[in-house]
Amino acid sequence: MTAAQADLCIDRPSVADGAALWRIAKESGTLDLNSSYSYLLWCRDFAATSAVARAEDGEPVGFVTGYVRPEDPHTLLVWQVAVDSAYRGRGLAAALLDGLTARLAAERPLTAVETTITPGNTASERLFASYAERHGAAVDREVLFDAGLFPDGPHDPEVLYRIGPLVL
């Protein structure tokens with residue numbers, strides 16, 4: 001952690017954090033917002049593969065949600081990364097991602113990280129490119145879900161970023 005992150009604690013989310021994660025996602029302005037119920041479930045069922053950053057008062061100020069792919073148990077799929085606007089620009093998203101993958105790698109073999117990014121989401125592209133660089137890994141990109149697959153109106157394609165093999 002950097003000096004700018006020293007007043008923060010990164011750990012596993014709990015169900016009590018679900019509402020704050022939903023709020024941070026909603027206020028991000030870039031994430032597809034899931035139902036508040038889904039964030040509660042995520043904090044219950046996928047806490048082991050997710051991370052939350054807490055301010056000194058214990059309130060969540062950032063998170064990364066993910067899961068280990070059932071068909072590829074050495075790959076972490078990162079679902080969402082978000083940081084409260086008051087805490088942006090401190091490298092917190094990178095610290096969350098590094099902390100989560102280090103924790104998982106200590107528990108199981110972890111050889112790759114995957115995420116999807118819509119074209120034009122420069123912040124996410126930079127976050128995951130810098131993650132790959134820090135961990136000596138290549139980045140492969142391909143369209144995972146074409147825009148026409150989304151039934152709820154216009155949606156940009158989701159481009160799969162596969163980062164690996166990892167050096168953790």
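User: Where is Gly58 found?

Analyst: Gly58 is in the loop between strand 2 (51-54) and strand 3. Helices (H or I, at least four residues) and strands (E, at least two) are DSSP runs, numbered from the N terminus. This is a predicted model, where local features need pLDDT of at least 70 and side-chain atom pairs count only at pLDDT 80 or more, while totals for chains, interfaces and linings use all residues. Residues are numbered from 1 along each chain as its sequence is written, and side-chain values use heavy atoms, with hydrogens and water left out.

User: Why is Gly58 called partly exposed?

Analyst: Look at the cut-offs. Buried means under 20% relative accessible area, exposed means over 50%, and partly exposed is in between (1.4 Å probe, protein chains only). Gly58 has 33% relative accessibility, so Gly58 counts as partly exposed. For a sense of place, Gly58 and Thr101 are 43 residues apart in sequence and 22 Å apart in space, C-alpha to C-alpha.

User: What makes Asp84 buried?

Analyst: Asp84 has 12% relative accessibility, so Asp84 counts as buried. The residue is in the loop between strand 4 and helix 3.

User: Which residues does Asp84 touch?

Analyst: Contact means heavy atoms within 4.5 Å. Leaving out residues up to four places away in sequence, Asp84 touches Arg23, Ile24, Glu27 and Val61.

User: What makes a space a cavity, and how many does the structure hold?

Analyst: Work on a 1 Å grid over the protein atoms alone. A cavity is a set of points where a 1.4 Å probe fits but cannot get out. A pocket is an open set with protein on both sides within 12 Å along at least five of seven lines. Lining residues have an atom within 4 Å of a point. The structure holds 1 cavity of 30 Å³ or more, and the largest cavity has a volume of about 30 Å³. Volume here is the space filled by probe spheres set on the points, which are joined across faces, edges and corners.

User: Which residues line the largest cavity?

Analyst: Arg23, Ile24, Glu27, Ser28, Val83, Asp84, Ser85 and Arg88. Helix 1 (residues 18-28) gives the largest share, 4 residues. The lining divides into 2 nonpolar, 2 polar and 4 charged. Ala, Val, Leu, Ile, Met, Phe, Trp, Tyr, Cys and Pro count as nonpolar, Asp, Glu, Lys and Arg as charged, and the others, Gly among them, as polar.

User: What is the volume of the largest pocket, and how many residues line it?

Analyst: Its volume is about 1,000 Å³. The lining has 39 residues, and Leu31, Trp79, Val81, Asn121 and Ser124 lie nearest the centre. Strand 4 gives the most, with 7 residues. The lining divides into 20 nonpolar, 12 polar and 7 charged.

User: How do you know that the radius of gyration agrees with a compact globule?

Analyst: The radius is taken over C-alpha atoms, and the globule rule is 2.2 Å times the number of residues to the power 0.38. For 168 residues, a compact globule would come near 15 Å; the protein has 15 Å, so the two agree. Buried residues make up 40% of the 168 residues.

User: Which peptide bond is cis?

Analyst: The bond joining Gly164 and Pro165, with omega about -5°. Pro165 is in the segment after strand 7 (158-164). Most peptide bonds are trans.
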